[in-house]
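The tour moves from stop to stop, and each stop says what to select.

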Amino acid sequence: MRAVLLVAAREMRQVLATRGFWVTLLIVPVAIAGALFASTHFAPHLNAAFTLVDASRRYAPRIEKRLTLDYQRDVLRDLSAYVDRWKLASVDPGAAWAQHDAWPPDAEVERFIAAGGVDAALRRLKPRLPADAPAFELPEQAFVEIAPPRGVPTTQGPEAFGRAVAAPMRGEIATPDGKRPFTVAVYIPQNFGEPGVPVRIWTNGRFNEGLIGTIREQLTTALRQNALQGAGLSPDVATRIQTLSAPIQVSEPPADARRSVIVTRSIIPLALVYLLLITTFTTGSLMLQGMIEERSNKLLESVLATIRPSALMYGKLLGLGAVGLLIVVVWSGCAVAGVLSSHNAISDVLRSSLQALDQPWIAPALIFYFLSGYVMVSMLFLTIGSVSDSMQDAQGYLMPVIILIMLPVVVLMQVSLRTPDSPVMHVLSWIPLYTPFAMLSRLGQGVPLAEMLGTGAMLIVFVALELALLGRVFQASLLSTGQPPNPAAFLKLMFQRDSASRSPRGK
Amino acid sequence: MTAPALLLDKVTKRFGDFTAVDDLSFEVATGGVFGFLGGNGAGKTTSLRMVLDIIRPTSGRIEVLGAAPSREAAGRIGFLPEERGLYRLMTVLDTVVYFGRLKRMSAGAARKAAMALIERLGLEDRAKTPLVKLSKGLAQKVQLATALVNEPDLVLLDEPFSGLDPVNQGVLEDVIRELSRKGSTVIFSTHVMQHAERLCDRLLMLARGRKVFEGTQDEAKAALPSRLTVICRADPKGLPGVATTASLGDAAEGWSRFEITLAPGADPGGLLEVCTTQGFALRGFDIHRPALHEVFIHLVGGDQEIVR
C-alpha cells in the first residue's frame, strides 16, 4: 500500500505541476463566475418599445387591455413560483398567487389585478417572508408602449405617419424602462373596418410576432363583434359567441411524477454522467500519455526493480483518479456555490434538482456508480498506454474504445430524458460497460432497489475481473518492445496465468 | 558461514521456443566486484531481471541476500538498468528522493542520502533542475544516484558504462571501487572488457545463455594457452610444453626470434626452467599476458559482440 500511495502522490504532483491542468481546473469556475457576473451586470433587456395610434378611437383600449392582461399573467405566474419557493401560500390560500396555476385564465388575472396586483400581494407576504429571501423581481414587460415621438403627425393619415416615424425607428428611444429599441409603430386608420382599409404597421426590421399577433387578434375580434351585431345579434350575445372556447380538462400525473419533475431530479445524475465522461477521458488521456512517456523513457525497469507492477498500476489509477476527482469536486463546488449565491430562474431549477438526493441511498449510489465507472474506463486507458510505445500505437486501440463507450452513452443520455422507461435504458443498465452511465442517468427518476443492487453487484464483479485480466496485460507489457499485441495476442495475455514470465516483445 | 550475496542454481529461462538463460549456476560471495560478461543477447539482462523478480525463471532457484527474489529486498539492492530514463519533469533531488522512498526509506533519510549523493556526483548545483534540462551524461549520474541512494548491500549495474564519456566512466569506476571498499557487493554486466579487467575480482562469462567461465581474472587468463617470444639459437620446437613455434626472423649475431604457443596447462616458468637445465641458450624470454578480451574471444567464440 505504501508503494501505491508513493506512486499515486508522484502522479498527482506531476499533473498538478502542469499549466494545462490548472487551465482545465479553472476553466469551469471562471466560466461560472463570468456567466454570473454577466447575467448580473450585462443582462440584455429583452423588451422593446412600440407606439400605437388609433385614429378611429375605437380599438386601442382593447389592444392595451390585452397586453396588460398578458403581462399581468406573467407577473402572477412568477409571483406564484416565488410564493411556492418560499412556502408562503398559507398567507392567503384563496389568493390568485397561491394557486400555482400553470396558465391562469383571464378571470384569475383580473381577480389578481382587482385585488391590488403585485404591490398588494407583496405587502401581504412581507411579514411572513424569510430573512434570506430575495426581493421579488417583476418580469420584464415584453412591449413598452410609448407616445408617438415628437414631430410624428398622428392626424394626417397613415402615409404621413409612416414617413415621419421611420427615422426614430432606426435606433433606441426613451421609455419609462430606459432606452429601448423602437421596433413597432401601429396606425389604425379612422375608417378601419370598411372593406379594404388595412391597419398599417411599420417595424424596424425585427419582426415582433407576439405583439403583431396580439394586435391582429384583438382587431379581428372587434371586427367579428361588429359583424355579429350587424347581423342582428345583441352585443351580449355577440360577446358570448366571441368568448366561446371548447372546454378542455387536462389531467396530469401526481406532482412527483410530472415530466418537469423528472427532468429536474435528473439534473444532478445527468451532470455526473457528463462529468464522468469528461474527467475519465481527461485523466485517461493523462494516464495514456504518462504510460507512453515512461515506456519511451525506459524508466520502468528502475521502478519495477523496487515495486510490483500491480503497485504501479494501482498507484497510477489512484493518483490520476484523485486528480479527476479533484476536478469534479472543484467544478461541482463552484457550480453549487454559484447556484447558492445567485437568485435567478436557473439557480431555482438547480436548487430543485437537489431534491434528487432526498432518498438516503441516492448519494451513496451516485458515488458508487461514478467511482466504479471511473475505474472501469481509466483501466482501459492505462492498459492501452502499457502496450503502446507512441500515441500512434495507442490510436489503434483508442478509437474503437472511445466509440464503444461514447456512442451508446450519448444515446442513453438522450433517451433517459425523453423515455426514461425505455427498454434501451434497462438493457444498457445490465451491460457492465454502460451500467455506471445508464444507472446514473436513471437514478433521479427512481430505480427499484433490487435493480440497483443487481447491477451494482454485477459491476463490482466486472471491474474486479477487468482489473485482474487487464492487470496481466499491463504487467506483461511494461518492459516489452516492438509492435503492440494484436487482438489474439492481447487475449492470450489476459488469460496467461503468470504474466511475469512472458517474453518481452522483440527480446 | 556467510550466505552468498547472490546464488543461481540451475536457472533456466525460456520465452516460448527461445532459451534466454540455460541451466545457469553461480554464486557471488559478499563483498567485492563481480563481472557479468557476455556479448549482446548472452542473457545478462534476463538474468538480472530474474534476480530482481521482474521476471520469473522457468526453472531453477535464485537466492538474493539469503532469500528468494522479491521486492522486500529492494531496500537492500541498488539497480542501474541498461536502458535508462527518468521522469523528465521531476527535479534531480525529487527524483533521487522518490526512488529512495520506493526503496522503503523514510522521507528524511531519503532526502539526506540524496543530497549527499548529489554532492558526491558533483550535481549539487543542479539539485533543483528538472531532468529534462540536463545533458545525457548528467542524467546518467542522476540515474546512478537513484540506484545508490539506499546505500545498498547488493549493487546490480547493467551495462553501467554505456553512454558515458571517458571522464564519467572514470568517475563511475571510482564509485564502484568505493562501494566495494565499504562492503557492498557489486555485480555489473558489461561487454566492454577493459572495465571488467580493471574492476572485477571474479568473472562470469556467458554465451547464448550458458555459462562458459566462472573464476578470477588469473584463472580466466590461464584458460588461454600462453604465448611467448623468445630469442634463441635453435627452434624451440620439441621442448616440453611447447605446442607450436613460428619464426619471427633473425635477431642479429646468429640469434633468431621465435613465437611460442604453449600447450594448454603448460606454464612459461616451467619452460624457462627446462631451458636452463637442458642448456638451451636463451637471449630473450618475453611472456605475453593475454588480455581479457582475448580470453573472452577464446572462450565464447568470435561471433559475440564485444568491445576491447
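Which residue is the bridge partner of B:Leu80 in strand 6 of chain B? Select B:Leu157: this residue is the partner of B:Leu80.

Some ground rules before going on. This is a predicted model, in which local features need pLDDT of at least 70 and side-chain atom pairs count only at pLDDT 80 or more, while totals for chains, interfaces and linings use all residues. Residues are numbered from 1 along each chain as its sequence is written, and chains are lettered from A and ligands numbered from 1 in the order in which they are written. Helices (H or I, at least four residues) and strands (E, at least two) are DSSP runs, numbered from the N terminus.

**Stop 1**

Select residues 77-80 and 154-158 of chain B. These are strand 5 and strand 6, paired in the parallel sense over 4 bridges. Two strands pair if DSSP finds at least two bridges between them. Now pick B:Ile77; opposite it in strand 6 of chain B stands B:Leu154.

Look at the two sides of strand 5 of chain B. B:Ile77 and B:Phe79 point one way, B:Gly78 and B:Leu80 the other, and all are buried. Buried means that 20 or more other C-beta atoms lie within 10 Å of the residue's own; exposed means 12 or fewer, partly exposed is in between, and C-beta atoms are placed from the backbone. In a regular strand the side chains alternate between the two faces of the sheet.

Stay on strand 6 of chain B. On one side are B:Leu154, B:Leu156 and B:Asp158; on the other are B:Val155 and B:Leu157, and all of them are buried. Strand 6 of chain B has 5 of its 5 residues buried, so it is largely enclosed by the rest of the structure.

Pick B:Leu156 and find its bridge partner in strand 7 of chain B, B:Ile187.

**Stop 2: an open sheet in chain B**

The 3 strands form an open sheet in the order 2-1-4, with antiparallel pairing. At the edges are strand 2 (18-28) and strand 4 (59-64) of chain B, each pairing on one side only. On average, neighbouring strands of this sheet are turned by 20° against each other, direction ignored.

Strand 1 (residues 6-15) of chain B pairs with strand 2 of chain B over 7 bridges, in the antiparallel sense. Pick B:Leu6; its bridge partner in strand 2 of chain B is B:Val28.

**Stop 3: a loop residue in chain B**

Select B:Arg208. Look in the loop between strand 8 (202-207) and strand 9 (210-216) of chain B. B:Arg208 is not a glycine, yet its phi is positive, about 50°. Most residues other than glycine have a negative phi. B:Arg208 counts as partly exposed because it has 18 C-beta neighbours inside 10 Å.

**Stop 4**

Go to chain A. Its secondary structure comes to 18 helices and 5 strands. Of its 507 residues, 32% count as buried.

Select helix 3 (residues 60-85) and helix 5 (residues 117-125) of chain A. They pack at an angle of about 15°, with their axes 10 Å apart. Helix 3 and helix 5 of chain A are therefore roughly parallel to each other (angles under 35 degrees count as roughly parallel, over 145 as roughly antiparallel, 65 to 115 as roughly perpendicular and the rest as oblique).

Now show the residues that meet. From helix 3 of chain A come A:Gln72, A:Val75, A:Leu79 and A:Val83; from helix 5 of chain A come A:Gly117, A:Val118, A:Ala121 and A:Leu125. By class, this contact has 6 nonpolar, 2 polar and no charged residues. Ala, Val, Leu, Ile, Met, Phe, Trp, Tyr, Cys and Pro count as nonpolar, Asp, Glu, Lys and Arg as charged, and the others, Gly among them, as polar.

**Stop 5: where the chains touch**

Show both chains. In contact are 19 residues of chain A and 24 residues of chain B (two residues are in contact if their C-beta atoms, placed from the backbone, lie within 7 Å). On the chain A side, helix 1 gives the most, with 4 residues.

Terms used. Axes fitted to C-alpha atoms, helices over the stretch in contact; angles between N-to-C directions.
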